[in-house]
Amino acid sequence: MEKIRAWVVAVAILALSGVTQVRSSASDHRYRARDEVPLYANKVGPFHNPSETYRYFDFPFCSSGPVKEKKEALGELLNGDRLVSAPYKLDFLTNKESEIACKKKLTKEEVAKFRDAVSKDYYFQMYYDDLPIWGFLGKVDKEGKTDPSEYKYYLFKHLIFEVSYNKDRVIEISVRADLTAVVDVTEDEEIKVEFRYTVKWKETETSFDDRMKKYSQSSSLPHHLEIHWFSIVNSCVTVLLLTGFLATILMRVLKNDFVKYAHDEESAEDQEETGWKYIHGDVFRYPRHKSLFAAALGSGTQLFTLATFIFILALVGVFYPYNRGALFTALVVIYALTSGIAGYTAASFYCQLEGTNWVRNLLLTGSLFCGPLFLTFCFLNTVAIVYKATAALPFGTIVVIFLIWALVTSPLLVLGGIAGKNSKAEFQAPCRTTKYPREIPPLPWYRKTLPQMAMAGFLPFSAIYIELYYIFASVWGHRIYTIYSILFIVFIILLIVTAFITVALTYFQLAAEDHEWWWRSFLCGGSTGLFIYAYCLYYYYARSDMSGFMQTSFFFGYMACICYGFFLMLGAVGFRAALFFVRHIYRSIKCE
């Protein structure tokens, strides 16, 4: 098994090193005077709806020549990038002053389209020598006007590019609109527009290796770092106090239990047992729906492995800002390569639980996470196609993803399943299980599954909620998140708290003579995923300006899949911790 894991790691690193490099038409990023430097127009969309983006030339911009599309990697396509040659020519070290890019006569329909875009704060994104630049399409004049029907809408027609260079390399670029050169698009009437641009070059001492630093510095500013460290300190204090409190109680209670049970064995053999020792003959009774349980455990273990690899790549610097599509590429490749772990874990555990239909178990494992994700993708991709947005994947990309699933994910899942079935491992139970299960005594309402899940999920969620805002603002907004070390610390805290709270609740459940702890520990561990989804509702309505059916469906659809993934991953962590604890306490007493 260790050899298989080592092989998977090696393949993942090799695959990612090949697909996550930033590619440019000028591969070495070195130029001579008057050389053409690639400028690509990427997408256009409303500023507050990051998923709702459109191709640049879906809007009636003019072009100075034939439009060429840039070939893109899988991750870029998944990210919604659709790069085409821009109408502006920014040759290396060539200053230009109010040069005409192109001319166009806008029809009434095109004017109306631009006006609608300006009213919704549409922005454009371009890449110049693989450096990102943004600008707004126009502005709304609301000054002195209270009635929206009186607003004036203006389209910017003159862009000013300011480019910094160091010797033969481009270091920095920014773009701003000339606020005096605008076209009034308030009325539906035909307009002739001359799109112009100015280019200003200036020398800088910044080295080429440091040119991406300005994009990551925004998340490392002192006041942001203070908030992040406050988040860490808050989490650590919360965790230390609560886990310390629970650990003290748990250790004292367990010590008393061990002393009591040892004393009972010596003094009165006929005395009736109580508490968790009373159910030693039922505690290792296999759970109901064991095929589903093993599949959930396998999928959760795979997602935990995926998260670990993603953190490793983030910490070594693969996901620097605007490395287009690197994260999506890594997710697809690593998920495909780790499917063998899901197959091995699920089939091995299923066979330990004396399951016989391991093939059905393997099919269930393969579809438990991918099934809901596939259905969500089909619905959202259809929505994107209707909207003609760049989030709609081309048919070729869908075929590539299907081939990865058919040729990599599924075979590895089957191989892992066969290895798991043949591992011949037996379930390690310190106590023999009786033939007939004991009846569980009536329990108060707060010991039922749902209240216990609410208690279990709240503590881990309280340890991560501050950091969640920054992650959401990065994924569903325009903030840049680069402090992966802090995120990794928060992730470790999340795992520790999830494991500890699940162990504590499992002990209290067993002490109440409720021996059906298998599913309960998994559900309690994973309940943090439900809290994160509840936070999605708060973030959408209170902290963001997202609107429209497409953006709403994308946000809640994909966040449902992410939170479901968290549920499976943390559920697996919670169950593993609870299993270790239960084995430990029952191994410490004499079970007859």
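The report that follows takes up these two topics in turn.

This is a predicted model, in which local features need pLDDT of at least 70 and side-chain atom pairs count only at pLDDT 80 or more, while totals for chains, interfaces and linings use all residues. Residues are numbered from 1 along each chain as its sequence is written, and side-chain values use heavy atoms, with hydrogens and water left out.

A nonpolar core is a set of buried Ala, Val, Leu, Ile, Met, Phe, Trp, Tyr and Cys residues joined through side-chain atoms within 4.5 Å; buried means under 20% relative accessible area, exposed over 50%, and partly exposed in between (1.4 Å probe, protein chains only). The largest nonpolar core has 82 residues, of which Phe555 and Tyr586 touch the most other members. Helix H16 (residues 549–587) gives the most to this core, with 18 residues, where helices are DSSP runs (H or I, at least four residues) and strands likewise (E, at least two), numbered from the N terminus.

The structure also holds 18 salt bridges, each a side-chain nitrogen of Lys or Arg within 4 Å of a carboxyl oxygen of Asp or Glu.

By contrast, Glu69 is exposed, with a relative accessible area of 61%, and Arg55 is partly exposed at 33%.
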